[in-house]
Amino acid sequence: MQIIYGTGNDAKIAYMQRALGSLPCEIIGLKDAAVERGIEIPQVEETGTTPLENARLKAEKYFQIFKCPVFSCDSGLYLWNHTTGDPLPGDLQPGIHVRGRGRVRLSDDELIRHYISLVKKYGLIRARYKNAICLIWDEWLRAESMEEDLWGNPFLFTDIPHKKRVCGFPLDSISLEMETCRYFYDMEDDAQDELVSEDGYVRFFHNFMEKYQIF
């Protein structure tokens, strides 16, 4: 059984394949699913105002096209001054617009420069991703969540980038684990995954499959 992960981001697909490796199914991305079925990948306009609304928009569109189990995720990024604990001003809160608003889409390099500039202005920044997921199994079965157990752990942004860079996850190069201040890229791979709530996604899928007695 295949479940399509509604993203073309190879790094995100690899993460979810690791996170959900215990499930009795294969997680594949949009590009592979489209090639297998001879389908053109549809464009989805993310017009939602929350991560959950955007996850739902994408999952519903992809299910209409592929007619098989599909899930989509979305995230919002929220920032605080680490020294004072105060949230950054509203116009600097990325929320669901991590790469910019409207037609302005920042490249990986531009994204890193932008967040480094915020650190230089405010000092160390505490950040957290609030994640959401929408899973559509068939015409009748679906589940979605934006519960806190899906959110990533709080972490820090620094203005000194790590030498390593992974396409699709540019901000990891300036991200530090809260307790040790180690760069994400200096941590073990499984420790990195836990920071973005691997366990929450596993529980979401297992609860869904147990509830509907799938597999």
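This is a predicted model: local features need pLDDT of at least 70, side-chain atom pairs count only at pLDDT 80 or more; totals for chains, interfaces and linings use all residues.

Let me begin with glutamine 2, which stands opposite glutamate 26 in E2. The pair belongs to strand E1 (residues 2–5) and strand E2 (residues 26–29), which run parallel and are joined by four bridges, where pairing requires that DSSP find at least two bridges between two strands. Helices here are DSSP runs of H or I with at least four residues, strands are runs of E with at least two, and both are numbered from the N terminus. Between E1 and E2 the chain passes through H1, in a β-α-β crossover that is right-handed, that is, clockwise from the first strand over the helix to the second when the strands point away from the viewer.

Residues are numbered from 1 along each chain as its sequence is written, and side-chain values use heavy atoms, with hydrogens and water left out.

Staying with helix H1 (residues 10–19), we find it packed with helix H6 (residues 198–211) at an angle of about 65°, the axes being 9 Å apart; axes are lines fitted to C-alpha atoms over the stretch in contact, and angles run from 0 to 180 degrees between N-to-C directions. From H1, Tyr15, Met16, Arg18 and Ala19 make the contact, and from H6, Glu198, Tyr201 and Val202, contact meaning heavy atoms within 4.5 Å.

How enclosed is strand E4 (residues 125–136) by the rest of the structure? Because 10 of its 12 residues are buried, E4 is largely enclosed, buried meaning under 20% relative accessible area, exposed over 50%, and partly exposed in between, with a 1.4 Å probe and protein chains only. E4 pairs with E3 in the antiparallel sense over 12 bridges, and in this pairing cysteine 73 stands opposite isoleucine 133. E4 also runs antiparallel to strand E6 (residues 155–157), with three bridges, one partnering isoleucine 125 with phenylalanine 157.

Finally, lysine 67, in the loop between helix H3 (51–66) and strand E3 (70–81), has a positive phi near 55° although it is not glycine, and lysine 67 is exposed, at a relative accessible area of 54%.
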